[in-house]
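Dear colleague,

I am handing over the structure below, together with a short account of what was found in it. Please read the notes alongside the coordinates.

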Amino acid sequence: MTPTTHRTNPRPQGTNAHPLRFGYGTNGLADLRLDDALALLADLGYDGVGLTLDHMHLDPLAPDIAARTRKVARRLDALGLGVTVETGARYVLDPRRKHGPSLLDPDPADRARRVDLLIRAVRIAADLGAHAVHCFSGVLPADPAHLADPAAPAHPAATADPAEDSAWKRLAETLTPVLDAATHAGVPLAVEPEPGHLLATLADFHHLRRILGDPPALGLTLDIGHCQCLEPLSPADCVRAAAPWLRHVQIEDMRRGHHEHLPFGDGEIDFPPVLEALAATGYQALTVVELPRHSHAGPHFAAQSLPFLHRAARAIPAGAEGSTP
């Protein structure tokens, strides 16, 4: 194990006026051992880590996962890193299907495998002291006709597509045991609107929330790049609109209409207003850099990203920070 390190790049002067805490996702450091990745982030001055459960980084299916989790928890504590648990590993359940199986899979046994993964993630998050567990809905099956139930009554907020309505019902049903586990563990489940998925927008999140009856354990992961990509509101306005349900934030640059996670400065987002809006909400959990396709140069982008965010944060006017909800 890499020896315990102390930060060599603490939070710069001038950024203490806001509550924002920045992390970096391990899905953007996939070529590093987890222990090395954590040490790197601590040395760079990050406040925490978005830990994607995957075969190379705390495999949730490992037979000794409880012991591994305890070891990681000790390491995070020694390095002073906060953590959120992310479940977007591409092939952790199926080596042939990206993000498969999903919560919408036609096969009940396959859906159960995704539910089991998420419940495992909730338990791991509780043992790590994580502030949330991230997840997403998955895409509609290639042939969603099997989802339609012509005998089922229409939901008051139903869409015009019976197959899509049935998909929403399926999503709510499969998430229910995960929400039960999250409630029991005291760890929020933060669902991410993902372009191309059934739950793709903030409006979709609210649709799911209404179907489920607004359970307290259900929260939101807001990806700032996704807001730029497809939301009708600006990213800063998305932050303000999402504030009551915000449990996790991912951040990167992006261009309108193109779902491509970009390093800061390579897209179209104006970040100081976004961070100002985030600070004003009183959000105090992690804001995690999400660059999974730049893992080949992960240490470089991790080193570049934090100074960029600190510079953007220094532009927040005094008094913009909010109070803890």
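The protein chain exposes about 13800 Å², of which carbon and sulfur atoms supply 53%. Please keep in mind that this is a predicted model. Of the 325 residues in the protein chain, 56% count as buried, and the secondary structure comes to 9 helices and 10 strands. Among the contacts between residues at least 6 apart in sequence, 76% join residues that are at least 24 apart.

Turning to the pockets, the largest pocket holds about 850 Å³ of space. Of the 40 residues that line the largest pocket, Gly88, Arg90, Lys98, His99 and Glu194 are the closest to its centre. Sorted by class, this lining has 12 nonpolar, 17 polar and 11 charged residues, while strand β9 (residues 258-262) contributes the largest share of the lining, with 3 residues.

One residue was also looked at individually, namely Leu93, which is placed in the loop between β3 (82-86) and α3 (108-128). Leu93 has a relative accessible area of 10%, and because buried means under 20%, Leu93 counts as buried. Leaving aside residues up to four places away in sequence, Leu93 touches Leu61, Gly100, Pro101, Arg113, Arg114 and Leu117. For one of these pairs there is also a distance: Leu93 and Leu117, which are 24 residues apart in sequence, lie 8.3 Å apart in space, C-alpha to C-alpha.

With kind regards

Conventions
Residues are numbered from 1 along each chain as its sequence is written. This is a predicted model: local features need pLDDT of at least 70, side-chain atom pairs count only at pLDDT 80 or more; totals for chains, interfaces and linings use all residues. Side-chain values use heavy atoms; hydrogens and water are left out. Helices (H or I, at least four residues) and strands (E, at least two) are DSSP runs, numbered from the N terminus. Buried means under 20% relative accessible area, exposed over 50%, partly exposed in between (1.4 Å probe, protein chains only). Contact means heavy atoms within 4.5 Å. On a 1 Å grid over the protein atoms alone, a cavity is a set of points where a 1.4 Å probe fits but cannot get out, and a pocket is an open set with protein on both sides within 12 Å along at least five of seven lines; lining residues have an atom within 4 Å of a point. Grid points are joined across faces, edges and corners, and a volume is the space filled by probe spheres set on the points. Ala, Val, Leu, Ile, Met, Phe, Trp, Tyr, Cys and Pro count as nonpolar, Asp, Glu, Lys and Arg as charged, and the others, Gly among them, as polar. Accessible areas come from the Shrake-Rupley method with a 1.4 Å probe; for residues, only the protein chains shown count as cover.
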